Amino acid sequence: MRFTILREEFLKGLSTANRAVGGKASPVASLVNLKIELNERGLFITGSNYNFTIRSFTPYSRGEKEIIRNYKEGCVLVTADLITNIIRKIESEEVMFEVIDSTNAVISNNRSEYNLQCVRADEYPDLDLEPDGTELSLTRQEFTSLVSQTAFAASLKEQRLILTALNLEASNGVLVATATDSARMARKELQIPQEINFVTNIPAKMMEEIARLVAESENVKISISDKKALFSYNGNVIATRLVAGEYPNTKNIIPHTIYHSLEVKSQDLIKTIERINILSVERENVVDLYADEEKVEITAKSSQIGYAAETLENYKYTGQPIKISFNSDYVLTAIKAMNCEEVVLEFIGEMKPFVIKNPQDDSVIQIVTPVRTYY
């Protein structure tokens, strides 16, 4: 096996696949390696930790630009971090890669040469990267917004493993993504073809990683089966395990009756909370909001540091006066995720979950549970 390849293209393929490699803690020894395969289609590089697999693809050419030349097809395993770091450090437009006697990989350019021990490709586990089940195609913008506006609300704690997942439910022409850690919830809807139906739970952290990887693609093809979720873009393939179990019923969390409503410019609210947040450390980032038709004030106090208060200047409030305490990080993250000019906060009562939404886009909704405080 041998080939000469543009260094930047090789590094991109290696770095992409290496994001899935499990390192020394991998349950299978061979998974510390990348599988490098050159066939009639081009260069495929596979990395995996069993739960998450990425296979990157580099063609022989792209348009009139030649990427791979002077080649002989073959397949080999090379230590993932080692080869990725070598290609990152080499300073040349092209690099040569050649396998000698199936045990030695030579990486070179005009000035440098590295000889690495390698492993036969048949020692790599057989990974299922073929699409099956229900298939769906989304634009990159649809996919990234689906993930960025929801996945952050999933739990980071594995005591309730199902809450670490992003729940995807497709039915009646709508794809709904839901994430919750039981203290907050984020939900996003997309219109899809009417005939597509599935329910699945995918690790939220893996969905965030996939959203970063597809940033340069135009479309993402998704395949959902009862065993895995598969994502394909620009010839690359990503497979992820699913989270077993039944996702909590969150449909009834969204309130249908609203008694208090605050509409304000997103950046005004974000900057105010961030300034007040400086004094909320002792209370685990809890701040207080008081609102009536004449004043909206956000406050925080610390027995050791002091007290801070700031009023909003431009807002629209309807309803009786209300005072509510909340985790400022949850509210800030929710507002930033919606990426909108104005935001609406809707309240039922002082200890009831409240809604954060974009008045111009009803496809996304955020729910935050208030914090009980004692003075």
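Predicted model: local features only at pLDDT ≥ 70, side-chain atom pairs only at ≥ 80, totals over all residues.

Colleague: Which residues does Phe-143 touch, not counting residues up to four places away in sequence?

Modeller: Phe-143 belongs to the largest nonpolar core, which has 40 residues, and it is among the four that touch the most other members, together with Leu-168, Leu-175 and Phe-231. Helix α4 (residues 204–213) gives the largest share of this core, six residues. With sequence neighbours up to four places away left out, the residues that Phe-143 touches are Leu-138, Met-207, Ile-210, Ala-211, Val-214, Val-220, Ile-222 and Phe-231.

Colleague: Which strands stand at the edges of the open sheet, and why is one side of each left without a neighbour?

Modeller: Four strands form this sheet in the order β24-β23-β22-β26, with antiparallel pairing. Because each edge strand has a single partner strand, one side of it is left without a neighbour in the sheet. The strands at the edges are therefore β24 (306–311) and β26 (322–327).

Colleague: Which residue of β26 is the bridge partner of Ala-291?

Modeller: Strand β22 (residues 286–291) runs antiparallel to β26, and six bridges join the two. For Ala-291, the bridge partner in β26 is Ile-322.

Colleague: What angle does the direction of helix α6 make with that of β26?

Modeller: Helix α5 (residues 266–276) packs on the sheet, where it touches β22, β23 (296–302), β24 and β26, and its direction makes about 20 degrees with that of β23. Helix α6 (residues 328–338) also packs on the sheet, touching β22 and β26, and its direction makes with that of β26 an angle of about 85 degrees.

Colleague: Is Asn-277 buried or exposed?

Modeller: Asn-277 has its place in the loop between α5 and β22, and it touches Asn-285, Val-287, Ser-328 and Asp-329, when residues up to four places away in sequence are not counted. Buried means under 20% relative accessible area. Since the relative accessible area of Asn-277 is 14%, this residue is buried.

Colleague: How much space lies in the largest pocket?

Modeller: The largest pocket is lined by 18 residues, and those nearest its centre are Lys-12, Thr-16, Glu-216, Tyr-233 and Asn-236. The elements giving two or more residues to this lining are α1 (7–18), β4 (52–59) and α4. The space in the largest pocket is about 400 Å³.

Notes: Residues numbered from 1 in each chain as written. Heavy atoms only, no water. Pairing = 2+ DSSP bridges. Contact = heavy atoms within 4.5 Å. Axes fitted to C-alpha atoms, helices over the stretch in contact; angles between N-to-C directions. Core = buried A, V, L, I, M, F, W, Y, C linked by side-chain atoms within 4.5 Å. Buried < 20%, exposed > 50% of the residue type's maximum accessible area, 1.4 Å probe, protein only. 1 Å grid on protein atoms, 1.4 Å probe; cavity = no way out; pocket = protein on both sides within 12 Å on 5 of 7 lines; lining within 4 Å. Points joined across faces, edges and corners; volume = space filled by probe spheres on them.
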